[in-house]
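Let's take a walk through this model, helix by helix. Have the coordinates open and follow along.

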Amino acid sequence: MRLIIFCFLFFISLFTQATAAPVGVSPQKVKDEVELPIADSLMISNLNVKDTEIRDLLQGLAVQYGLNLFLEPEVKGPVTVNFSKQSLKDALRILLSRNGYTYTVEKGVITVHKPVIEAPPPPKAPELRFDIRWNKDKLSLDIEKSPLDVVVRAIVEKTGKNVVVDPGLKADVTLYIKELQLDKALQLLAESQGLELRESEGVYSLQKPSWDFKGDTKDGKNSTGRFRVKLRDSLVTIEAMDAPLSVLVGEVFAQAKLNTVVYGQLEGKVTAHMEGVRLRDALKYLFRGTPYTYWERDGVYFVGPNEMQTGDNSLLIRLKHLRAEDVIKLLPTTLTKSTQIQVVRSQNALMAVGSYDVLDAISQYVEKMDLPVPQILIEVLVVDMDMEKARSYGVDLLLGDASKIASGNKIYPAIDQVLNRKQAQSVLDKIGVGKMISLPKNFVAQIQALEQEKILNVKARSQIATLNGETAVLTIGQTQYFMLTSEVDYNQGDAVTAKTTERFEKVEANSNITVTPYVTGEGEITCDIVPDFSEPEGSFSSTTLPTLNKRYVKSSVRLRNGETIVLGGMVKETHNDVHRQLPFFGSIPVLGWLFKNVEHVTTRSQLLIFVTPSIYYGSEGSVDVEKEIKKTEK
């Protein structure tokens, strides 16, 4: 193979020398590319190879054209090229670049190799964020991996407030907060580092916790009676293990900055864990099961034995959702027997007087009851299905001109045909009685057959709303007054005197629907539905007392929010048949139908009531239905 390539290149060299291009003419060089040490006059007349090893092809060109060429080991692989009348320099450059190779020239030697990919420079380390802003008494921090002491120093410089850090505290701070009050911002800074924030006379201090649950204090000694108290946004967090009750309660009052009076020494120890609890609830839990209690009057908290508590404490309990007069009836006697409770209607509140413990129990009891009362929107659709079906058929016999009869030759949807004497006589002939019956010249017969139906009648459609457990009534109807006259005879000696009296009598024909909904804990609605319909037979008349038709149903159903139930079954059906015929002739078998008209009317009336209840909590839109339902499940 190499011998063939060599011979082929030798032939090209002879042809190239014969057709060499003028010296000095060269293609445009690629910018920043090393110049190949090849004369521009060397031309390749024709080079066409397929799937040839690139090393053999380059070596053959080097031998043929006298090139100093060095091939790196990675230069290998088949190539396919087709050059015609191309300079050797450009052909070699194209051959190498298109196959992913490059070259360098050193002292006239062309070295072919793969291009060396330079490693990108290492990315520049991002600058750590350190931005502290103090604007309108609000602090903003955007800090990344900065020493705690540097952060605190910058805060002091920006705010002008005194903030100190315990000596020896070394920590890196990464924190982002925006426009918070100074105390809240410092609290978050302390919590992010596992520290405690304390404030005294305008000086904030960040310090290590005084103890942990492993029993190690900040002085490195084991101790009993460890506790920690945090007060934030009027909520107390307490962690205590065998802590003296007196010391723990004193710390709670100290951090809350409350006016306090303690009677005697509080004995006992407490182990507790409470997080985010209201102050009064925290005190109640701490004293539960002990001989001590607390009460509050005029902003001062008193702590002492249970027997010291007085019964003249007062508490006004305002209700948000329920009526005070209803709530007072639900209070258990165990709470009300030693307490005076009155309803304050103007404020929808309860005023209670008694011991502090009982007042607190009443307040919690009322709070659990005073939940948003669901309202139920009830959509009612009353449909009276009057299904009336009538059929009438018969023959009318007349004397006169058939063309003047007000009718036509209809066969759909009702039959209405007029037959003259000739047509009628033809019919009689076909049935075999034409010889027996001869019709007069001006005879006219009119044949009619009709069937019709009437189906639907919507009586009422309305929406009513009511509170949970309350009854809603919908009434639609009319009232008719009648003048009733009565005559009474009175005996006055031998004479009889008649006295006539008149009075109005009232008759009501109403359609009443009574619905009482109850919302269950699962979000379903139990409805007691009572439809009561009274309708006059026919129409009202001011001179005749009507007959009232009454339809009544009582039903209890359970529906989901927005579901619809259909109440039916109140059916009334009547049948009326009217026969009109010519005496004697209408009674003749078979032929009698020619002398009669028959009308059948069937009326079937069914009352359907569609009821759709939906839960809602008013127009304020601030109450979540599902959330309130879940509360009732607890």
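Leu 57, Leu 58, Leu 61 and Tyr 65 in α2 meet Leu 88, Leu 92, Leu 95 and Leu 96 in α3, where contact means heavy atoms within 4.5 Å. By class, that contact has eight nonpolar, no polar and no charged residues; Ala, Val, Leu, Ile, Met, Phe, Trp, Tyr, Cys and Pro count as nonpolar, Asp, Glu, Lys and Arg as charged, and the others, Gly among them, as polar.

A quick word on what you're looking at: this is a predicted model, in which local features need pLDDT of at least 70 and side-chain atom pairs count only at pLDDT 80 or more, while totals for chains, interfaces and linings use all residues. Residues are numbered from 1 along each chain as its sequence is written, and side-chain values use heavy atoms, with hydrogens and water left out. Helices (H or I, at least four residues) and strands (E, at least two) are DSSP runs, numbered from the N terminus.

Back to that pair. Helix α2 spans residues 54-65 and α3 residues 88-98, and they pack at an angle of about 165° with their axes 12 Å apart. (Axes are lines fitted to C-alpha atoms, for helices over the stretch in contact, and angles run from 0 to 180 degrees between N-to-C directions.) That makes α2 roughly antiparallel to α3, a label for angles over 145 degrees.

Now move to α6 and α7, whose axes come within 12 Å and cross at roughly 175°. These two helices are therefore roughly antiparallel to each other as well. From α6, the contact uses Leu 245, Leu 248, Val 249, Val 252, Phe 253 and Ala 256, and from α7 it uses Leu 279, Leu 283, Leu 286 and Phe 287. Sorted by class, the residues here are ten nonpolar, no polar and no charged.

How much of α7 is covered? Mostly: seven of the nine residues in this helix (279-287) are buried, meaning under 20% relative accessible area with a 1.4 Å probe and protein chains only. Among them are Asp 281 and Lys 284. The cover includes α6 (245-256) and α10 (356-369), along with strands such as β13 (235-244) and β15 (269-278). Just after α7, Gly 289 takes a positive phi of about 85°.

Last stop: Ser 192, in helix α5 (residues 182-192). Its side chain makes a polar contact of 3.5 Å with the side chain of Gln 193. Ser 192 also sits 8.4 Å from Thr 174, C-alpha to C-alpha, though they are 18 residues apart in sequence.

Note on methods. Buried means under 20% relative accessible area, exposed over 50%, partly exposed in between (1.4 Å probe, protein chains only). Angles under 35 degrees count as roughly parallel, over 145 as roughly antiparallel, 65 to 115 as roughly perpendicular and the rest as oblique. A polar contact is a pair of N or O atoms within 3.5 Å; within protein, one must be able to donate a hydrogen and the other to accept it, and residues adjacent in sequence count only if both atoms are side-chain atoms.
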